[in-house]
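Visitor: I am new to this structure and would like to learn how to read it. Please show it to me and take me through some of its features.

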Amino acid sequence: MQFHICVRDLGKGRKEGPERYLLHGCYKVSKGDTILIQAAAGGVGFIASQWAKFLGATVIGTVGSGKKAELPRAHGCDHTILYRKEDFASKVKEITGGRGVDVVYDSVGQATFMKFLDCLRPMGMMVSFGQSSGTVPPFDLGILSAKGSLFLTRPTLMAYTAKREDLLAHATDLFEVVAKGVVKIEIHQTYPLAEAGRAHRDMESRKTTRSTILIPVDQTMLTLRCVEGGHPIASLLCPEDRNAYILCINWLFQRRLLLGKLNRLAFRLLACLWPNSDRSSGFATYLQIRSG
Ligand SMILES: NC(=O)c1ccc[n+]([C@@H]2O[C@H](COP(=O)([O-])OP(=O)(O)OC[C@H]3O[C@@H](n4cnc5c(N)ncnc54)[C@H](OP(=O)(O)O)[C@@H]3O)[C@@H](O)[C@H]2O)c1
């Protein structure tokens with residue numbers, strides 16, 4: 001049952017990511033390539049770095065702060081650059097012996113796009129796939145020729161997975177590398193769907209790393225699990241969402257299931273909601289809310 005939604009594609013819900021088309025479609029990453037991945041501790045960057053390393057590339061990952069640097073280094077990146085502090089174009093030239101990288105995967109957009117063109121080798125490829133800092137403004141195509149006959153693409157996942165067979169190929173490849181243990185998907189923060197605003201604020205303030213998940217409260221799923229498993233699954237799924245508990249108790253009430261084991265379950269749910277109350281006062285508060 002799919003009940004997780006990636007915040008980065010809020011509302012769409014998806015099982016495959018852009019990493020496969022970035023590394024195989026826009027530019028085919030192979031052994032011997034040196035590539036640069038922006039925001040390597042972020043959702044896409046964290047997965048793409050590991051996958052690119054598996055494909056045989058030397059991976060340079062950028063991060064916005066020192067405390068994020070360790071993460072990509074331990075997951076695929078041969079080098080990390082603090083791009084808000086260091087002169088990343090010079091650093092890249094230093095790492096590549098003056099040549100520049102074969103491809104830049106840029107998800108940050110406006111704040112850094114132009115400078116990242118300077119990291120490419122002649123005829124290198126700029127894959128501008130995101131805009132975490134804002135969209136890249138229109139610019140003079142002559143810049144691409146002046147900087148070494150560069151290639152530029154602005155791709156989207158939708159175009160690369162529009163055909164059913166492409167979608168399946170993307171999903172299959174991703175699941176394969178995950179199953180092999182080559183790519184680790186780390187869900188580092190989860191939020192109840194009701195707190196999507198907080199999730200967005202955390203992302204905007206660059207507090208998040210790796211994957212971020214929203215968890216919708218699905219009454220049927222929660223309550224069925226409650227009954228089947230005999231434990232308050234709501235507290236596991238949505239520890240901060242009071243509504244999840246209330247929905248569960250409502251469901252039990254509606255079906256007159258407050259007997260035996262289920263009775264105990266209902267009281268455990270009430271105790272989660274009002275930890276300091278005894279059974280009867282918790283129950284009374286609940287009834288008050290229902291009638292109000
Ligand atoms: N084209 C496609 O098919 C496709 C598919 C998926 C995602 N995307 C796009 O790719 C971008 C990254 O997605 P993601 O899921 O990896 O996002 P994410 O997990 O939120 O990571 C984004 C990272 O970008 C960096 N960043 C730089 N400037 C920022 C700013 N002003 N505000 C917030 N973060 C900023 C931060 O890392 P540091 O602190 O390390 O700088 C942040 O952690 C997004 O723009 C998304 O829309 C495109």
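Predicted model: local features only at pLDDT ≥ 70, side-chain atom pairs only at ≥ 80, totals over all residues.

Visitor: How many helices and strands does the protein chain have?

Guide: The protein chain has 14 helices and 9 strands. Of its 292 residues, 36% are buried. Among contacts with a separation of 6 or more, 57% join residues 24 or more positions apart.

Visitor: How is the angle between two packed helices read?

Guide: Two packed helices are described by the angle between their axes and by the distance between those axes. Take helix α1 (residues 19–26) and helix α2 (residues 43–54): they pack at an angle of about 45°, with axes 9 Å apart. The angle makes α1 oblique to α2. Their crossing is right-handed.

Visitor: Which residues of α1 and α2 meet there?

Guide: From α1 come Glu19, Leu22 and Leu23; from α2 come Val44, Ile47, Ala48, Trp51 and Ala52. By type, the residues of this contact are 7 nonpolar, no polar and 1 charged. In general, an α-helix has 3.6 residues a turn, so residues three or four places apart point the same way.

Visitor: At what angle do α1 and α8 cross?

Guide: Their axes cross at roughly 105° and come within 9 Å. That makes α1 roughly perpendicular to α8. Glu19, Arg20 and Tyr21 in α1 meet His170, Asp173 and Leu174 in α8. The contact of α1 with α8 divides into 2 nonpolar, 1 polar and 3 charged residues. Glu19 is also one of the α1 residues that meet α2.

Visitor: How many of the residues of α1 are buried?

Guide: The count is 6 of 8, so α1 is largely enclosed by the rest of the structure. The buried ones are Glu19, Arg20, Tyr21, Leu22, Leu23 and Cys26. They pack against several elements, including α2, β5 (101–106), β6 (120–128) and α8.

Visitor: What span should helix α8 have, given its number of residues?

Guide: Helix α8 (residues 164–180) has 17 residues, and at 1.5 Å a residue it should span 24 Å. Its end C-alpha atoms are 24 Å apart, so the two values agree. Just after α8, Gly181 takes a positive phi of about 85°.

Visitor: Which residues other than glycine have a positive phi?

Guide: Most residues other than glycine have a negative phi. Ser149 is one case with a positive value, its phi being near 50°. Ser149 is in the loop between α6 (142–146) and β7, and it counts as exposed because it has 10 C-beta neighbours inside 10 Å. Arg206 is another case, with a positive phi of about 60°. Arg206 lies in the loop between α9 (196–204) and β9 (211–215). With 15 other C-beta atoms within 10 Å, Arg206 is partly exposed.

Visitor: Where is Leu55, and with which residues is it in contact?

Guide: Leu55 sits in the loop between α2 and β3 (58–63). Leaving aside neighbours within four places in sequence, Leu55 is in contact with Leu23, Val29 and Ser30. Leu55 and Leu23 are 32 residues apart in sequence, and their C-alpha atoms are 8.9 Å apart in space. Leu55 is partly exposed, with 17 other C-beta atoms within 10 Å, whereas Leu23 is among the buried residues of α1.

Notes:
Residues numbered from 1 in each chain as written. Helix = DSSP H or I, 4+ residues; strand = E, 2+ residues; numbered from the N terminus. Expected span 1.5 Å × (residues − 1). Axes fitted to C-alpha atoms, helices over the stretch in contact; angles between N-to-C directions. Parallel < 35°, antiparallel > 145°, perpendicular 65-115°, else oblique. Left-handed = near helix turned anticlockwise from the far one by under 90°. Contact = placed C-beta atoms within 7 Å. Nonpolar A, V, L, I, M, F, W, Y, C, P; charged D, E, K, R; others polar. Buried ≥ 20, exposed ≤ 12 C-beta atoms within 10 Å, placed from the backbone.
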